[in-house]
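Hello,

Here is the structure we discussed. My notes follow below it.

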Amino acid sequence: MTEPTLFTKIIRGDIPSSAVAQGSTWYAFLDINPLRPGHTLVVPKEEARRIAELSTESRRDLMDGVVEVQRRLSIEFNTTDFSVNLNDGPLAGQEVPHVHFHVIPRTDGNSSNPMWRMTPHQSEPDFEALAALSQKLQLH
Ligand code: 5GP
């Protein structure tokens, strides 16, 4: 048997995460090292490295997950604008081999700054801040 991915362990609750929302086929949680405040990952519960390997149901539902996360983040961060990014395979910069959308609220007006040029919000995870934001987002 192959080792479950990091995100499968998070989905199963074997590794803690700061939840944002979930559906029957997807789970959304805060990125441990946010590029901007509110940086959220939306992942299918089905384990696959690339979107083409996902079942049709998981692939379709995943975009509903992105929109639900945007709805919650838009309330918290008072914005309608987001960077939504998916690195589809290792040559595209994918580090965790499990499909995931990055959803990042954009409030700074710096639209010419693509995701791969952003610098991390901070280097050490701030677990207290992530837990507090998670609590708020789950109520929206
Ligand atoms: P990728 O480079 O594969 O597109 O993105 C992987 C993302 O997963 C990175 O933004 C990274 O900060 C995030 N990440 C890595 N390990 C963990 C973890 O244990 N928990 C959470 N919440 N995010 C993680």
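Which of the 16 residues around the ligand come nearest? They are Asp31, Asn87, Glu95, His100 and His102; a residue counts as around the ligand if one of its heavy atoms lies within 4 Å of it.

Some ground rules. This is a predicted model, where local features need pLDDT of at least 70, side-chain atom pairs count only at pLDDT 80 or more, and totals for chains, interfaces and linings use all residues. Residues are numbered from 1 along each chain as its sequence is written, and side-chain values use heavy atoms, with hydrogens and water left out.

**Ligand**

Polar contacts (N or O atom pairs within 3.5 Å) come next. A polar side-chain atom of Asp31 is 2.5 Å from a ligand oxygen. A polar backbone atom of Glu95 lies 2.6 Å from a ligand oxygen. A polar backbone atom of Leu30 is 2.9 Å from a ligand nitrogen. The protein covers 82% of the 520 Å² of accessible area that the ligand has on its own (Shrake-Rupley, 1.4 Å probe). Helix H1 (6–12) gives the largest share of the shell, three residues.

**Strand S5**

Helices (H or I, at least four residues) and strands (E, at least two) are DSSP runs, numbered from the N terminus. S5 pairs antiparallel with S3 (40–44) over three bridges; pairing takes at least two DSSP bridges. Leu41 has His102 as its bridge partner. S5 also pairs antiparallel with S4 (82–85), over four bridges. There, Ser83 stands opposite Ile104.

Best wishes

Terms used. A polar contact is a pair of N or O atoms within 3.5 Å; within protein, one must be able to donate a hydrogen and the other to accept it, and residues adjacent in sequence count only if both atoms are side-chain atoms.
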